[in-house]
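Subject: Structure handover

Hello,

Please find the structure below. My notes on it follow.

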Amino acid sequence: MAELDIGKHCQIDSCNLKDFLPFVCDSCSGVFCLEHRSREAHSCPEEPVKRESQTTGGPKCYPCSFEDCKGKELLPVICPQCEKHFCLAHRHQDDHKCEKLEVQKPRMAATKELVQKIVASKDGSKNKGRRGAKNSATAAKVALMKLKLHAAGDKGLPQTERTYFQVYLPKESKDSSQPMFFCSKWSVGKVVDYAASLASLKNNNNVLTAKKLRLCHPQTGEALRMDDTLLSLLAHPEAPLYNGGNVILEYLDNECTGLEDVSDYVTQT
């Protein structure tokens, strides 16, 4: 069966990252990823287009259409389904509750209850929680040294911005896991897209009825928010991720909030 060809590659030769919601420069009409969308980032050779609709001397901004959001972008970020403008934080259909997105079914009570039990079991007592966090952090430091030798990623990223994970792949994949590194400033959504590209996984996150690739916490199984950044998750006070630790990549139904059993992927210590 032929795969859907969604998204385009960034025109910067040193990048060539495939973005599933690419940006089009309104000056040179080039196609770029999030990192190179601004004229300065891709060294745009064309003069900025003067828009007759501007009545003030300041640059034109595109306000986010999401309710109560005051975010604005200098370049248009348009949802291909509802064709409305959104800020970067709300550009995915799930994040702006797209009117063209299939109506979500009520979340399964059993799945929700199971996730709550997993989270509660990790809390336990304060001493147990601290000991578990300390062990995870120590194990991650040891694993980090090994990951740096074999991890795949964008070699152009500065060492200070690299975050390494052992990425456990979906059950249907031929490989159980792969070492990868990502930019700590990236959102979870971009990490998912980039990891799918490195592992040659189908990524139908823009298809309404398809299962979505989600990044899940290795201990709780909770699906991480697509607009959270790696920096914020690394600094999470209760269930942080660790540089050198594990993450799980899996296909989930739209109504699913996480994995039922993380032991199917990662052996917990």
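This is a predicted model: local features need pLDDT of at least 70, side-chain atom pairs count only at pLDDT 80 or more; totals for chains, interfaces and linings use all residues.

**Chain overview**

Residues are numbered from 1 along each chain as its sequence is written, and side-chain values use heavy atoms, with hydrogens and water left out.

The secondary structure comes to 4 helices and 10 strands; these are DSSP runs, with helices (H or I) of at least four residues and strands (E) of at least two, numbered from the N terminus. Read from the N terminus, the order of elements is β-β-β-β-β-β-α-α-β-β-α-β-α-β. Of the 269 residues in the protein chain, 40% are buried, where buried means under 20% relative accessible area, exposed over 50%, and partly exposed in between (1.4 Å probe, protein chains only). The chain exposes about 16,200 Å², and carbon and sulfur atoms supply 50% of that area, by the Shrake-Rupley method with a 1.4 Å probe, with only the protein chains shown counting as cover for residues.

**The open sheet**

An open sheet is formed by 4 strands in the order E8-E7-E10-E9, with mixed pairing; two strands pair if DSSP finds at least two bridges between them. Its edge strands, each pairing on one side only, are E8 (177-183) and E9 (212-216). From one strand to the next, the twist averages 35°; axes are lines fitted to C-alpha atoms, for helices over the stretch in contact, and angles run from 0 to 180 degrees between N-to-C directions.

Strand E7 (residues 162-168) pairs with E10 in the parallel sense over 4 bridges, and Tyr168 stands opposite Ile248 in E10. Helix H3 (residues 188-198) lies across E8, E9 and E10, at about 135° to E8.

**Leu249**

Leu249 is in strand E10 (residues 245-252). Leu249 counts as buried because its relative accessibility is 0%. Leaving out residues up to four places away in sequence, its contacts include Val167, Tyr168, Val192, Ala195, Leu213 and Leu215. Ser177 is 72 residues from Leu249 in sequence, yet their C-alpha atoms are 9.2 Å apart.

**Cysteines**

The structure holds 0 disulfides (pairs of cysteine sulfur atoms within 2.5 Å). For Cys256, the nearest cysteine sulfur is that of Cys216, 7.7 Å away. Cys256 is buried, because its relative accessible area is 17%, whereas Cys61, at 34% relative accessibility, counts as partly exposed.

Regards

Notes. Contact means heavy atoms within 4.5 Å.
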